Amino acid sequence: MRAAVLHEIGQDKLEVLDDVEAVGFGPGKVRIRVRATGLCHSDLSAMSGVLPQPGPFVPGHEGAGEILEVGEGVGHVRAGDRVVVCWLSACGVCPACKRGQTELCLAGFMNAGTPNFRRPAGDVFGMAGTGTFTEEVVVDAGCAVPIPDDVPFDIAALIGCGVTTGLGAALNTADVAAGSSVAVIGCGGVGISVIQGARLRGAAEIVAVDPVVSRREAALRFGATKAVSPDELPDAKQQVTAGEGFDYVFEVVGTSATARTAYDTTRRGGTLVVVGAGAMDDFLQLNMFELFFDEKRILPSMYGGGDILRSYERTIALWRAGRVDLAGLITHRVPFADINEALDQMRTGTALRTCIEM
């Protein structure tokens, strides 16, 4: 079986191998034939060590495919069913799940410490307990979420992470108010999805901030009212809000520097939403006076900040109705053998989302 493997954390290239075996199948598990997978920036962060991930590992957590077989006790899917891979499945019984905060369930993270694959040279882990840069993967049954027949695999893959994260940040976490002003710092696939969510909510002004010209141009197509480079953000703040600051600012990069910029760009009493996944040793500095005096709400948004399965269903409904553009997010397609080309497209910012054709 073919899979793309990162041998050591810190390497920047994957090796496509044909001696990889998906392991762990048994009760409560399913085996999935991956049909489409997207590249998320979190994959690059795991490869570089910004996000914790044991290695060697198969990256990829944004995928969709077909069920090949189900283990004992699995009843919600059967062989042949079309599914999206949910990298953060909820157990349903922990305190977070009982409160309705399924995105905070830690059960899925526990899977990251168990190898999903094996090679003659030894065990291989899967990204976040999944690993979709492969032809087949074995995951907990809860990670396999059925999708309707009319949802293409490439669209479903996007729903598995980037779109759910971005839309949810605007719709669930921030609950953007109609007529408000919004700034989105970082306009890759997740940031563009934030923009679409803010547009759905009726935001009057949506300013997209990104250093890459093509991403700024894309942001305007997806609903931004203005697109600027980071250096132009202070002027945009003055022009759009008369210097007061935006009602909502979304940080979709994952660094303390951009989070600080986002805080400074938020009006007093406004809302800063942290969407980007950053490093554990990258600290955001705020003094206690400004934290108190400015009364800005700082809201982290984990995987869209809401019930994941409901978010999937909502996204599919919005896509069917033509209210969100998911196909347009896929700006590049590469064959599996050329997966490193997709990594380069993400690093340079030339792609919003690259679909890796399996």
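**Entry 1: the parallel sheet**

I looked up Val184 and found it opposite Ala208 in strand 13. The model is predicted: local features need pLDDT of at least 70 and side-chain atom pairs pLDDT 80 or more, while totals for chains, interfaces and linings use all residues. Residues are numbered from 1 along each chain as its sequence is written, and side-chain values use heavy atoms, with hydrogens and water left out.

Strand 12 (residues 181–185) runs parallel to strand 13 (residues 205–209), and five bridges join them. I take strands as DSSP runs of E with at least two residues, and helices as runs of H or I with at least four, numbered from the N terminus. Two strands pair if DSSP finds at least two bridges between them.

Six strands form an open sheet with parallel pairing, in the order 14-13-12-15-16-17. Strand 14 (226–228) and strand 17 (297–300) are the edge strands, each pairing on one side only. From one strand to the next, the twist averages 15°.

**Entry 2: the mixed sheet**

I looked up Phe57 next. Its bridge partner in strand 9 is Phe125. Strand 5 pairs with strand 9 (residues 122–126) in the parallel sense, over two bridges. The open sheet here has four strands in the order 3-8-9-5, and its pairing is mixed. Strand 3 (21–22) and strand 5 (57–58) are at the edges with a single partner strand each, so one side of each has no neighbour in the sheet.

I checked helix 5 (residues 162–174) against helix 11. Their axes come within 10 Å and cross at roughly 95°. Axes are lines fitted to C-alpha atoms, for helices over the stretch in contact, and angles run from 0 to 180 degrees between N-to-C directions. Helix 5 is therefore roughly perpendicular to helix 11. The angle classes are roughly parallel under 35 degrees, roughly antiparallel over 145, roughly perpendicular from 65 to 115, and oblique for the rest.

Helix 5 makes the contact (heavy atoms within 4.5 Å) through Val163, Thr164, Leu167, Gly168, Leu171 and Asn172, and helix 11 through Ser311, Tyr312, Arg314 and Thr315. These residues divide into four nonpolar, five polar and one charged. Ala, Val, Leu, Ile, Met, Phe, Trp, Tyr, Cys and Pro count as nonpolar, Asp, Glu, Lys and Arg as charged, and the others, Gly among them, as polar.

Helix 1 (residues 41–48) packs with helix 12 (residues 339–348) at about 100°, the axes 10 Å apart. These two helices are therefore roughly perpendicular as well. I find His41, Leu44 and Met47 of helix 1 meeting Leu343, Met346 and Arg347 of helix 12.

I looked for a cavity: on a 1 Å grid over the protein atoms alone, a set of points where a 1.4 Å probe fits but cannot get out. The structure holds one of 30 Å³ or more. About 40 Å³ lies in this largest cavity, volume being the space filled by probe spheres set on the points, which are joined across faces, edges and corners. Its lining (residues with an atom within 4 Å of a point) includes Thr37, Asp154, Ile330 and Arg353.

A pocket is an open set with protein on both sides within 12 Å along at least five of seven lines. Strand 11 gives the most, three.
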